[in-house]
Amino acid sequence: MARAKASISDLAKQLGVSVSTISRALSDHPTISAATKKKVWKLAQELHYQPNHMAAGLRKGRSNLLGVIVPHIDGHFFTMVVKGIETVATKAGFNVMICQSNEDVKHEQKNIESLLSAQVEGILVSLARNTLDFKHFDKVRKQEIPLVFFDRVLDGLDVSAVVIDDREGAYQSTKHLVAQGCRRIAHFGGLCT
């Protein structure tokens, strides 16, 4: 059976000080003496105290958490996209919560609910193949949480999106090869997964 996690209140009770004193000591506030900080940190280590960053974020009105929904993590494309998102997000002081829809709109809907429950500050989405409407994203928009689609977007939606124009890319590549004197040009393609 899992042991109950020590809370900031548990630390305060054991040391006979206020919760705010514990909080300030853990955040190295200058008004707390070095001796008190040392006692707090020692007890925190003994009790395996872990700060609740989500609760702290909620108190501050920020979670510093971005949600990412991808159809799947296996394969090269989405792995590289997630790596890029996480690199940029980390530099900006955000953590990333990654969800997989497994190409299923119902799972995608659950992902949205989970991300909203986690109080994310933004969501990046590559739609599942069977997503045919936008209704489950209405809640995100109503809460004015930034929402950006990438790779897959429903046609006709007025949304922020990052997509590649495959047709234009193929045209430009072919045009470049022809200009270089290439005459026998081949294209190898595979199934998009």
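Rings of Phe, Tyr and Trp (its six-membered ring) pair if their centres lie within 6.5 Å. I started my notes with that cut-off, and I kept in mind that this is a predicted model.

**Entry 1: aromatic pairs**

I looked up how many aromatic pairs that rule gives, and the count is four. One of them joins Phe-77 and Phe-78, with 5.0 Å centre to centre and 75° between the planes. Planes over 60 degrees apart count as edge-to-face, so I wrote this pair down as edge-to-face. Then I asked myself: is Phe-78 buried or exposed? Phe-78 is buried, with a relative accessible area of 2%.

Next I went to Phe-134 and Phe-149. Their rings sit 5.7 Å centre to centre with 45° between the planes, which makes the pair tilted. I checked where the two residues lie: Phe-134 is in the loop between β3 (122-125) and α7 (138-142), and Phe-149 is in strand β4 (residues 147-150). The pair therefore ties together parts that are 15 residues apart in sequence. Both ends turned out to be buried, since Phe-134 has 9% relative accessibility and Phe-149 has a relative accessible area of 1%. I also noted that ring pairs link Phe-134 and Phe-149 with Phe-137 into a cluster.

**Entry 2: helix α6**

I wanted to check the length of helix α6 (residues 105-117). At 1.5 Å a residue, its 13 residues should span 18 Å, and the end C-alpha atoms are 18 Å apart, so the two values agree.

Which residues of α6 are buried? I listed Val-105, Glu-108, Asn-111, Ile-112, Leu-115 and Leu-116. They cover an arc of only 130° around the axis, so they are on the same side of α6. Looking for what covers these buried residues, I found β1 (65-70), β2 (95-100), β3 and α7 among the elements. On the face turned away from the buried side I found the exposed residues Lys-106, Lys-110 and Ser-117. Just after α6, I spotted Gln-119 with a positive phi of about 60°.

**Entry 3: helices α2 and α3**

My last stop was helix α2 (residues 19-26) with helix α3 (residues 34-46). Their axes come within 9 Å and cross at roughly 90°. Angles of 65 to 115 degrees count as roughly perpendicular, so I put α2 and α3 down as roughly perpendicular to each other.

Which residues meet there? From α2 I noted Thr-21, Ile-22, Ala-25 and Leu-26, and they meet Thr-36, Lys-37, Val-40, Trp-41 and Ala-44 in α3.

Key:
Residues are numbered from 1 along each chain as its sequence is written. This is a predicted model: local features need pLDDT of at least 70, side-chain atom pairs count only at pLDDT 80 or more; totals for chains, interfaces and linings use all residues. Side-chain values use heavy atoms; hydrogens and water are left out. Rings of Phe, Tyr and Trp (its six-membered ring) pair if their centres lie within 6.5 Å; planes under 30 degrees apart count as stacked, over 60 as edge-to-face and the rest as tilted. Buried means under 20% relative accessible area, exposed over 50%, partly exposed in between (1.4 Å probe, protein chains only). Helices (H or I, at least four residues) and strands (E, at least two) are DSSP runs, numbered from the N terminus. The expected span of a helix is 1.5 Å times one less than its number of residues. The arc is that of the directions from the helix axis to the C-beta atoms. Contact means heavy atoms within 4.5 Å. Axes are lines fitted to C-alpha atoms, for helices over the stretch in contact, and angles run from 0 to 180 degrees between N-to-C directions. Angles under 35 degrees count as roughly parallel, over 145 as roughly antiparallel, 65 to 115 as roughly perpendicular and the rest as oblique.
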